Structures are given as C-alpha cells and as structure tokens.
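I wanted to go through this one with the coordinates open and jot things down as I looked them up. Here it is.

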Amino acid sequence: MTEPILSLRQVNKSFGPAHVLKDVDFNAYPGEVMALVGDNGAGKSTLTKCIGGIHPIDSGSYEFDGRPVRVHEPRDASALGIEIVYQDLALCDNLDIVQNMFLGREERSGMVLDRASMEERALQTLAGLSVRTVTSVRQRVASLSGGQRQTVAIARAVLWNSKVVILDEPTAALGVAQTKQVLDLVRRLADAGLAVILISHNMNDVLSVADRISALYLGRMAAEVRRADIDHTRIVELITTGRSGDLGLAPEQTGETGDPDATPAAGGSDPAGEADAIRPGDAIGPVVEPAGPAETPTATDTDDEVPA
Ligand SMILES: Nc1ncnc2c1ncn2[C@@H]1O[C@H](COP(=O)(O)OP(=O)(O)OP(=O)(O)O)[C@@H](O)[C@H]1O
Ligand SMILES: [Mg+2]
C-alpha cells in the first residue's frame, strides 16, 4: 500500500475562540490526487495553510516522508518541497512568465541575472508538463487567459522540485476547455510522482481527477475514501451532513446530539472489513448506520456551490 508523503494526525487549530480544525487527520500520497472537499467554512483553506506553515498547528502531529517535522512558517514547508497555488495565484501581471516562475528565486551568473538559463528551465518545465497553450515564456502574465495563468502558477510550483502541490480551487474561474487543461495538468503532476492536493467545490472535477477524497465537515474529517469506492451522491452527503451510510462522523460529532465537541468516536472497535475504504488510524468513527432514512442536511449546510 502506498505510504503517505504527508500525514497530519489529530490536528487542532483555533483562531481565538473559533475552533476551526478539530482532531483532523489528513494524508497525501505520492503519485495521487487527493481531493479535499467540504462546504464553505469547513476548514479546507485553514488546513492547507497549516500544511503550508502559514498557520502553525495548535496541537497534533505533522509527518513528512515518514518523519515528524515542524512546520511553523512557509519556508519550513517550502524546504520540504510543499508548494501551494492559491486561488488568487499571486502572479505579477506586469512580469512575464519566466519572471513569475522565478520570482524571489532568480538565478544569477555572478552579479547578473541569468536570463537565458531561467528561460530554458521555464521552457523545459512547461514542456515537461506538456503545456502547449503558452506560446512564449516572455509573454506578460497580464495577457494570459485564466487557465494559462493557472498553468504558470502550477508550473512554478513544479519547477522547485516540489513533492506536494496544493491547489486551492484551481478551476473555479475557468471555462470548460480551460478546466480540462488544468485537470489534465493535475493528472500529469500526479503521474510524475507528486502528491497533489486539490481543493474543489466542483464534484465533476473531483470525480474525474481524484484518486482519493477527503471530506471535511465543520472542521472535522468526515472521511477519507478512494475515488473508486464512492459516488457523487455520497460525496455530497458527506459534505452536507458529515456522513453517508457507513462512512463519516458519529452523530455526536456532527452536532446532532447537541455536543459538537464530543470525543471522537475513532478507535479500535471498528469491525474488520466494515470500512475498508477508510485507512487504519484515521479519526473516522465507526458509524452505526441509522435504521431510518438518510438524514436531511442541517440548516447550516445548504450550499448552492455543491451541485446536487
Ligand atoms: N484567520 C482567521 N481568523 C479567524 N477565523 C478564521 C480565520 N481563517 C479562517 N477562519 C474561520 O475558519 C473557518 C474555516 O474557514 P476556511 O477558510 O478554512 O474554510 P474553507 O473550507 O476554505 O471555505 P471555502 O470553501 O468558503 O473557501 C471559517 O469559519 C472561517 O471564518
Ligand atoms: Mg477556502
């Protein structure tokens, strides 16, 4: 079985009184796309910012490549080979593609910038990702389409020998063709051996490109499942109610019993084979399937962004 390159266990994060991440377990695997899904405010961006060292975790463990690491600031994450492509991309419009890809890490030959070398490496990286839509790496980023900008941002992450690339809603602003290009690129990154973490509200994107899916519900990890073991309806259920059939959180964790901070029900009592889509050690409660019909979403979690 593939071992995770990135593994968080029982992670907690609060902002003042707001307990945003609650005993979260999260993994990313080399050569795989892990989709991170959840409703607005579920904690996806906070989790990725914890991974990226923007918000240090309050408690829990953080392992990289099987070893415990301390990630307290962004450069700790960069040093490990973790790159985050934020939704706003943080590209500089007035600079060209090469300048953007090397921003802050310019190559020099003596005192002067080594433009030829940077251009060559930028071209190689784009070619290595089979990017064909960008005609010149000397083109200003301002003149690129949304999908091309996303491509440049992803290529920049790849240029630095990243092992883990996190993409926060990379296709949110893109049309059909550009979305396909970016998803193809996501697939190629994983096929090249990287662990890709893809945050998306678009279930079609998630289902088409993910190898595994992690669903956050109100700051708790409801499930980590293989793509092959789940369908659209069940993902939406996990997102909107925190559980689906034998997957997900126990009722006391979803707040249905009135105690949202109740002790997680994870433990060794899960009967063997009952939840083989869940990895051992995950903080996923052995949920007893309710006898009645599936629960209806609570008032807080209806969300138009999740297509039913
Ligand atoms: N710096 C902060 N200070 C206080 N609260 C914060 C901070 N960052 C996030 N939060 C809160 O944490 C919760 C989770 O936010 P987060 O941005 O992680 O959600 P998300 O899953 O990324 O949502 P979306 O899908 O809307 O991007 C929200 O209730 C948000 O208000
Ligand atoms: Mg977010």
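**Ground rules.** I am working with a predicted model, where local features need pLDDT of at least 70, side-chain atom pairs count only at pLDDT 80 or more, and totals for chains, interfaces and linings use all residues. Residues are numbered from 1 along each chain as its sequence is written, while chains are lettered from A and ligands numbered from 1 in the order in which they are written.

Helices (H or I, at least four residues) and strands (E, at least two) are DSSP runs, numbered from the N terminus.

**β1 and its partners.** Next I followed β1 (residues 6-15), which pairs antiparallel with β2 over seven bridges; pairing takes at least two DSSP bridges. K13 sits opposite L21 in β2. Two residues separate the strands of this hairpin, and G16 in the turn has a positive phi of about 55°. β1 also runs antiparallel to β4 (residues 59-64), joined by five bridges, and R9 has S61 as its bridge partner there.

**The six-stranded sheet.** I read the order as β6-β9-β10-β3-β11-β12, an open sheet with mixed pairing. β6 (82-85) and β12 (220-226) are at the edges with a single partner strand each, so one side of each has no neighbour in the sheet. Inside, β3 (33-38) and β11 (212-217) pair parallel over five bridges, with V37 bridged to A215.

**α4 against α5.** At what angle do α4 and α5 pack? I find about 105° between α4 (115-128) and α5 (146-159), with the axes 10 Å apart; axes are lines fitted to C-alpha atoms, for helices over the stretch in contact, and angles run from 0 to 180 degrees between N-to-C directions. The two are therefore roughly perpendicular, a label for 65 to 115 degrees. R121, T125 and L126 in α4 meet A155, V158 and L159 in α5, contact being C-beta atoms, placed from the backbone, within 7 Å.

Terms used. Angles under 35 degrees count as roughly parallel, over 145 as roughly antiparallel, 65 to 115 as roughly perpendicular and the rest as oblique. Two residues are in contact if their C-beta atoms, placed from the backbone, lie within 7 Å.
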